[in-house]
Amino acid sequence: MIKQILGRLPRKPSKSENRDHGGSVASSMKSSGGSRSGDLASHKLDSSSNASLSGPASASNLGNGHGRKPAQLVNSKYDNVTPASYEALPGFRDVPNSEKQNLFIRKLNMCCVLFDFTDPTKNLKEKDIKRQTLLELVDYITSANGKFTETVMQEIIKMVSVNLFRPFTPQPRENKVFEAFDLEEEEPLMDPAWPHLQIVYEFFLRFVASPETDAKLAKRYVDHSFVLKLLDLFDSEDPREREYLKTILHRIYGKFMVHRPVIRKAINNIFFRFIFETEKHNGIAELLEVLGSIINGFALPLKEEHKLFLVRALIPLHKPKCLPMYHQQLSYCITQFVEKDCKLADTIVRGLLKYWPVTNSSKEVMFLSELEEILEATQPPEFQRCMVPLFRRIARCLSSSHFQVAERALYLWNNDHIENLIRQNRSVLLPIVFPALERNCRNHWNQVVQSLTLNVRKIFSDVDPELFEECLQKFQEDEEKAEDMKKKQEATWKQMEDIAATKAATNEAVLVPCVLPSQFTSNQ
């Protein structure tokens, strides 16, 4: 009796059954992706072929349950592949036109199976079958000339998501101190599954870029969840993958207007985590490259949201140690803002001064190069607002013992626009930089720096001889005062040493004549 009752209860699936269905479960957990346009609108999918495919009814549901965490489900797929269960399907040329879309769906479903590329000797035949199938899908969708149906989009997104959205294996070097120059010398880590991933990325890129992809319909499956997971992939250590992601994200931003605020906000959050928490991310340069084209398309006047993004995310990106890895792209984004709205120049220059690297000469050279690009797009009114603190910093750079820093600062005078700005405000700027110029001429160890300094000195002398002589006279007076103060200090120390020597044998207190503070501060 008890056995009969127990026999009616639902039986828990065995591990072998779970393995048999691992591919479909993992497929339903992972969603989102795409491919180029195709000739799919003229053929309708049979309900029977659609029903035979595993997974939920919508791609948005497919995308909600997966990401980087369900690694166990992905691994279960590796055990699901056997030569008996994974065979090549007929080619598109071997079936009539009425069956091509059904075959297309079957091939998409077939490509939802994942293989373990960590073992290069495992499932060689099946891996080659899947690769050839993916290439057939790319060719088919490229030659298509009809609008994609909703069912086809759903299956495309499912296949792409299963293949792309995967957990990244942590690499040992992530525990090292993140030094930019160390990373430049290291070989990039290549994903062993790239033979399949590359074709999937190409497939999705062609889907997004295709004029046959209806954005209003596709946004149901290329949804916000999908886009966020796509952005997570930018942390991949494989530069080939990041290059594809950069192109795809740019296409999505251009085609799906509904996703634009989400993409900007997500990139903003990635930057925040990178700047203020981890300082570890592999895709900052690629994200900035996408942003460069986005900023270039901003309408005028700029929204407050975009200005806040500049102040809170882009300017603080100058802070991390690994700035050399993405400085070129960051500098382009910053310059785009100045060209869009010249009034932002003061904010940007003061932001650079806030994060100026006083102990890192290589970063200091980068800052000076970026500063030249910003000043080249700056108008006189904005320049006057920030010129005093800016040229105090430039004067320190001119006095730097690191010849590249001093040399790069002197090259600012080679830019005609910047030189004109300096000439127009020479009465304020020359007294600030003159001491540094004069000391370079007299004492700097590098001959190139001395030669460039003489050229800059001559520019000021030719433009305004009276102001130049006035600054020279003041500099000489300050030098004399400094020398007098140095002699007085040396005399005071000598007097203290003599008194201490005569009182060394006793315990008497030593009285020293008071030196007024004004004597020390007069030279500052």
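These legends describe close-up views of a predicted model.

**View 1. Confidence along the predicted chain.** The average pLDDT of the chain is 80. A score of at least 70 is reached by 76% of the residues. Residues 1-83 fall below 50. Where pLDDT is low, the predicted coordinates should not be read in detail.

**View 2. The aromatic pair Trp-194 and Tyr-244.** The structure holds 19 aromatic pairs. One of them joins Trp-194 and Tyr-244. The ring centres lie 6.0 Å apart, and the planes make an angle of 55°. This geometry is classed as tilted. Trp-194 belongs to helix H11 (residues 194-209), and Tyr-244 to helix H14 (residues 239-255), so the pair ties together parts 50 residues apart in sequence. Both Trp-194 and Tyr-244 are buried.

**View 3. A phenylalanine cluster, and a charge over a ring.** Ring pairs connect Phe-148, Phe-165, Phe-204, Phe-207 and Phe-226 into a cluster. Phe-117 takes part in another kind of arrangement, with the charged end of Lys-127 over its ring. That charged end is 4.5 Å from the ring centre of Phe-117.

**View 4. Thr-378 between two helices.** Thr-378 is in the loop that runs between helix H20 (361-376) and helix H21 (380-398). Its relative accessibility is 1%, so Thr-378 counts as buried. A polar atom of the Thr-378 side chain lies 2.7 Å from the backbone oxygen of Ile-374. Leaving aside residues up to four places away in sequence, Thr-378 touches Val-338, Ala-345, Phe-383, His-417 and Leu-421.

**View 5. Gly-297 in an exposed loop position.** Gly-297 is in the loop between helix H16 (284-296) and helix H17 (304-314). Its relative accessible area is 60%, so Gly-297 is exposed. Lys-340 is 43 residues away along the chain from Gly-297. The C-alpha atoms of Gly-297 and Lys-340 are separated by 9.6 Å.

**View 6. The salt bridge between Glu-150 and Arg-220.** Side chains of opposite charge can pair when their charged atoms come close. The count of salt bridges here is 22. In the one formed by Glu-150 and Arg-220, the closest N and O atoms are 3.1 Å apart. Glu-150 lies in helix H9 (residues 150-164), while Arg-220 is in the loop between helix H12 (215-218) and helix H13 (224-232), so the pair ties together parts 70 residues apart in sequence. Glu-150 is partly exposed, at 33% relative accessible area. Arg-220 is partly exposed too, at 46%.

View 7. Glu-382 and Arg-385 meet through their side chains, 3.2 Å from N to O. Both lie in helix H21, three residues apart, or about one turn. Glu-382 has 5% relative accessibility and counts as buried. Arg-385 is partly exposed, with a relative accessible area of 47%.

View 8. The closest N and O atoms of Lys-458 and Asp-462 are 2.8 Å apart in their salt bridge. Four residues separate the two partners in helix H25 (residues 447-463), about one helical turn. Lys-458 is exposed, at 51% relative accessible area. In a further set, salt bridges with shared partners join Arg-166, Asp-191 and Glu-241 into one network.

Terms used:
Residues are numbered from 1 along each chain as its sequence is written. Side-chain values use heavy atoms; hydrogens and water are left out. Rings of Phe, Tyr and Trp (its six-membered ring) pair if their centres lie within 6.5 Å; planes under 30 degrees apart count as stacked, over 60 as edge-to-face and the rest as tilted. Buried means under 20% relative accessible area, exposed over 50%, partly exposed in between (1.4 Å probe, protein chains only). A charge sits over a ring if NZ of Lys or CZ of Arg is within 6 Å of the ring centre and within 35 degrees of the ring normal. A polar contact is a pair of N or O atoms within 3.5 Å; within protein, one must be able to donate a hydrogen and the other to accept it, and residues adjacent in sequence count only if both atoms are side-chain atoms. Contact means heavy atoms within 4.5 Å. pLDDT is the predictor's confidence in each residue, from 0 to 100. A salt bridge is a side-chain nitrogen of Lys or Arg within 4 Å of a carboxyl oxygen of Asp or Glu.
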